[in-house]
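Please read the following account alongside the model.

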Amino acid sequence: MTQFLEVDHLGMTFNGAEGELQALQDVSFILAEQEFLSVLGPSGSGKSTLLRLLAGLIKPTAGSFQFGCLPNVQPRISLVFQQANLMPWRTVLQNILLPLELQGVERGKALERANAMIQLVGLEEFAQAWPSELSGGMAQRVAIARAFIAEPDLLLLDEPFGSLDALTRERMGAELLKIWQSQRTAVIMVTHSISEALLLSDRVMVFSPRPASIVVEMKVDLPRPRQEETRYDPQFQQYAKRLRQSIK
Amino acid sequence: MIKQPVSESKSSGKRHKTLEKLARYNGWLVIVSILLVLAVWALGVLWGKPPAFLLPSPQAVWDKFTSTLADGSLLRHASVTFYEVLAGLFFGSLLATCLGYFLAKSSALEKLLSPYLVASQAIPLVAIAPLLIIWFGPGISSKILICALIVFFPVLVNTIIGFRGVPDNLRDLMVSMRATRWQKLHLLEIPAALPILFGGLRIGATLSVIGAVVGEFVGSDKGLGFLINVGRGQFDTALVFVAIFTLIFMALSLYGLAMLAEKRSTRWKSAHH
């Protein structure tokens, strides 16, 4: 497997009004091309900070990370947040088109790709709807479509289904799996759900409470393509047990 | 320093509220209300018989309206005022929007300038209008300046609030997608701030009419404010009424237009089923 991203002793300390806050400490790992990596950990640990660093939204205070592609080529990164984060003044279709507009893709081609993407997430009937008309699950599907249409080199998912109810959440996990299996890209997903992490990932990392560092790193050797039923595999259950024990 | 968008000035707030409430009823209710007032007015004049220079009858005002319309004087004066109002509104809000954008971006700049901006609001424009006429002459340009000055502050405040209110999450999204500065401006910041910007423009529109009349009162030889002065001087109260009604019509039209733009820019807000 080719190496895509190398994270080297990454650390982040925030200087807030109440003094220093160390969010991330000495995090090192390597992400392969097309690898799906999940990060589990107690809430309030520096998981989101890791994603914000990789997305270039903040600068690290220690260590560094480097993408394996050519040194002066910036990789394309898509970010999905816990909230769908759609632009309320744009329709579903226009929201999905946004990354292509930014990339300067020609209009006809962009529309073609957006329509295919809308079909993939099953929102054909809502292409012209406003975000305010969507349920939480539908809005998050639009956000995922928007992330994938950019054809990112790296997809960063920050608790993408955290605001959804349990049933919708499971369905969305399976749907994300389906989309990802058709459009392989490197993914780092922060989540609280052990089964979500196991169903989707090639590898799972567990973070300690703040300042976050890696306490467990586990390869998930379940055959692909995986389905909903994979959740009931005995091997899956064993993995889940091990992860549960490692999270404090 | 500046935290609340300017929605309505205190004195005109009630008037606008009532208007909005009325607009929600069927149109005929408004017509009934207007007819009722006209009837009371006509009957009052009929029974009370006040001298015409105190209170002319609706009929006399209407006659004055048609005659000034026929000889072209009403349109001539109204178009001068309208031009001043529009030009003042345009330049005042253009300048305020540009400055407001940079003030919203830099709180250091805002801290530096806001004492002056707030202090400038303590000076009644009516008091310095004569000075502006002395400096810039009795022509149209001094009126445009007065309109621009009166429009400036509310539009500025709304611009700052509007651009500050752009959600951080969406900013992060744009940054993570490597949007350029220009893309951030026209795909995120402007559409996000637009409803509040139009809100500022709506208030600015009615203020601009006030500015034009104030300027014309102080010194001019044309415009509706001048017409009111002439009517007062000649005890032609009907003419004063005609000028006032024309001003009301002008202010309401501009207000309605800005409100329409505001509504259109927030179509998505009213989309709930």
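Of the 248 residues of chain A, 53% count as buried, where buried means under 20% relative accessible area, exposed over 50% and partly exposed in between, with a 1.4 Å probe and protein chains only. This is a predicted model, in which local features need pLDDT of at least 70 and side-chain atom pairs count only at pLDDT 80 or more, while totals for chains, interfaces and linings use all residues. Residues are numbered from 1 along each chain as its sequence is written, chains are lettered from A and ligands numbered from 1 in the order in which they are written, and side-chain values use heavy atoms, with hydrogens and water left out.

Chain A has 7 helices and 9 strands; these are DSSP runs numbered from the N terminus, helices being H or I with at least four residues and strands E with at least two. The C-alpha atoms of the chain fill a box of roughly 45 × 45 × 40 Å along the principal axes. The radius of gyration of chain A is 18 Å, which agrees with the value near 18 Å for a compact globule of 248 residues; the radius is taken over C-alpha atoms, and the globule rule is 2.2 Å times the number of residues to the power 0.38. Among contacts in chain A with a separation of 6 or more, 71% are between residues 24 or more positions apart, a contact being heavy atoms within 4.5 Å.

Over all chains, the structure holds 13 salt bridges, each defined as a side-chain nitrogen of Lys or Arg within 4 Å of a carboxyl oxygen of Asp or Glu. One of them joins the side chains of A:Glu175 and A:Arg141, at 3.5 Å from N to O. A:Glu175 lies in helix 5 (residues 166–182) of chain A and A:Arg141 in helix 4 (residues 136–149) of chain A, so the pair ties together parts 34 residues apart in sequence. A:Glu175 is buried at 15% relative accessible area, and A:Arg141 is buried at 16%. Also in chain A, a network of salt bridges links A:Glu35, A:Arg203 and A:Glu217.

In chain B, B:Arg164 forms a salt bridge with B:Glu110, with the closest N and O atoms 2.9 Å apart. B:Arg164 is in helix 7 (residues 140–164) of chain B and B:Glu110 in helix 5 (residues 107–122) of chain B, 54 residues apart. B:Arg164 is partly exposed at 37% relative accessibility, whereas B:Glu110 is buried at 6%.
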